[in-house]
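Colleague: I have a few questions about this chain. Can we go through them one at a time?

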Amino acid sequence: MARRLAQLDKLPVTELRGIGPDKEKALAEQFEIRSVLDLLTHYPRRYIDRTHQAKVRDLKVGETAMVLAEVQRIDSRRTRGRPPKVLVTADIADETGRLRVTFFNQPWRTRQLRPGTDAIFFGKVDTYQGRKQMTNPVVDLVGDRTGRIVPVYAQSDKARIYTWDLARWIEEALQRAGDFLDPVPEWVLDRFDLVDRTAAFQGIHLPESAEEHREARKRLVLDELLRVQLALVERKRHLERTTPGIAHAPPGELVAQFWARLPFERTPDQRRAVDEIAADLAKPYPMHRLLQGDVGSGKTVVGVAALLVAVEGGHQGAFMAPTEVLAEQHAAGIRALVEGMTVGDDGATLFGARPLRVELLTNRVAAGDRRRILADLAGGEVDIVIGTHALIQEAVEFKSLGVVVIDEQHRFGVEQRAALRDKAGGEAVPDVLVMTATPIPRTAAMTVYGDLDVTVITSRPAGRQPITTSWARTEADEAEVWDAVRREVDAGRQAYVVCPLIEESEKLEARSAEDTYARLEAGELKGLRLGLLHGRLSSAEKDATMQRFRRGDLDVLVATTVIEVGVDVPNATVMVILDADRFGIAQLHQLRGRVGRGSDRSWCYLVSASDTPEAEARLGALVRSADGFELAEVDLDLRGEGTIMGERQKGRNDLKLASLRRDKEWVTKAREVAFEIVDGEGGLRAHAELFEELRLFLDDEDADFLLKG
């Protein structure tokens, strides 16, 4: 009978020869391996192709290389320095020559690398006293495995579990498991020319050729991505089937008025985004759409149009922002956009219409005003309410909440979004549009936010000027930055100076906003009107400072990343980011987006003396590109997908083989297949083995959802 993965999950690793209580404990602690299934999904981290491996005689000084060799001699001694160090040296050799390897403060190497041991040594080749050597190389013990392609597994010297141990146990597990049940439909395997699961597990752990390994990996990558996409698509379809929504009418006269009043022409991307959202709003189930747009791409206008569709149908709209500063800014901006617009009032006035009413609701609203707004919200007299998390507090009630727009949604949890939806004021659940100006690659969006439909805005509104970005590396460069700030201020414009910390920290050696403010006020920017903004100021102090900057009463705002998202002052044309190497790519791009919001040319200066490869990669990317989506791809390459996948709940569904960078095409293919399976006759439950496996690999929350669905 073909073996199910669920069966292997129930078998403890102690079923295998050589794994007693000590090894069982070590496997669990070091690798989270407890079952035979865990062991089989502990994939090799690399392979040694013995038909093409490097030879000692071919190693070149200055290059990083990997060589398989036998230890011939090893010894250790203490150096005379203070403090003294343990120096371990070994001579290793293959049939072409000898190489010296040296380890500092690793005395246990003498136990690990006894004479006669075969090992792989990976490191940079240099010379000492005329001999080639490697210093502190990475070591993988492979034992006497003789296959043409040898898998190398993550191992633990501390627990004394080496790659050959893991290879031996995995080989035994594969032999005893026999053939694997394949839950993926035959038509999927045929469409993508994939090997069956038995061949995949054999080929990933015991490949006879590089081609066999590639085919095995391709199949197992599809398995991982398909499980994630099936869970997301099933959740999406379940919500559509079971959640009553509001079938809004197409955009009418109110939205047409709004477009006619805009002081600029809509971009093609904005038009397409509104069309996609309007199509969602017309459906009888709630919209769940993610609107991704680069900084300054005009997402707010699209969000307001969605709110107006709800208002025109007699419902209310809510706009939720992550901070009070941002909520207040959105309130001012949206009120200006809809000023003078009217809505029908069901005969409550002689004219049959009343002004469109927009209210702000945050914790800073005075008690009397708050009571009035809450009463009018419940009575349906407020059309659009803008606020922070205060909108989901118990006292807030709506008469008929139709559309919710949530800005910078990654700052809100799923529970908070659900709480806002639950305040609908009726049986129907409101439509939800979540917006973010932090672009992530399309494949990552499909994986992290896969239960949402995704709309992307890439073009910028007409009249927006490009931002010139440069990297100030030296003191002379920095002096030119302050000269540039003075020139822009003299021309009637404003500037930001951003620091990574509020107070000085010797540990991080980064400039603080407070110290920078004092230094610039007395030095480089003496005579200019400076303001200070950071997270430890009171709400009133922050608000007063931002209002002064918006009015033009301040020339330069010295701040922390509290201004990262959404702050919109069109007259600001210079962004100076100190210690720029301390920031990630996405944050740097967000900060840069605070300028270039008017019709004047703008500049961003990255001030950093760091010459590390990481700084070169990050800051160099910002200088080269202003495209947030391109930068998101660079960020994914630099940081890996763990930072993105971390937004999903932890569980077995974490990707072990699949890479959102390397396997973009397979993310798309897996999502297409997931829709075909879920939308097919009988849905996911018609594929019993696949459904069982999905429950096995998902975390408890997702598995519970599937069972309830």
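This is a predicted model: local features need pLDDT of at least 70, side-chain atom pairs count only at pLDDT 80 or more; totals for chains, interfaces and linings use all residues.

Colleague: What span does α5 reach from its first C-alpha to its last?

Modeller: The helix has 15 residues. At 1.5 Å a residue, 21 Å is expected. The model comes close to that, with α5 reaching 21 Å.

Colleague: What covers the buried residues of α5?

Modeller: The buried residues of α5 include Leu166, Trp169, Ile170 and Leu174. Asp165 and Glu172 are also among them. Their cover includes two strands, β7 and β8, and the helices α2, α3 and α7.

Colleague: Within what arc do the buried residues of α17 fall?

Modeller: In α17, residues 513-522, the buried ones are Ala513, Thr516, Tyr517 and Leu520. They line one face of the helix, because seen down its axis they fall within an arc of 105 degrees.

Colleague: Which elements do those buried residues of α17 pack against?

Modeller: One partner is a helix, α16, at 475-490. The others are strands: β19, β20, β21 and β22.

Colleague: Where is confidence lowest in the chain?

Modeller: The mean pLDDT of the chain is 85, and 88% of residues reach 70 or more. Confidence is highest in α6, at 97. Over residues 643-653, pLDDT stays under 50. The lowest mean, 47, belongs to helix α22.

Conventions. Residues are numbered from 1 along each chain as its sequence is written. Side-chain values use heavy atoms; hydrogens and water are left out. pLDDT is the predictor's confidence in each residue, from 0 to 100. Helices (H or I, at least four residues) and strands (E, at least two) are DSSP runs, numbered from the N terminus. Contact means heavy atoms within 4.5 Å. Buried means under 20% relative accessible area, exposed over 50%, partly exposed in between (1.4 Å probe, protein chains only). The arc is that of the directions from the helix axis to the C-beta atoms. The expected span of a helix is 1.5 Å times one less than its number of residues.
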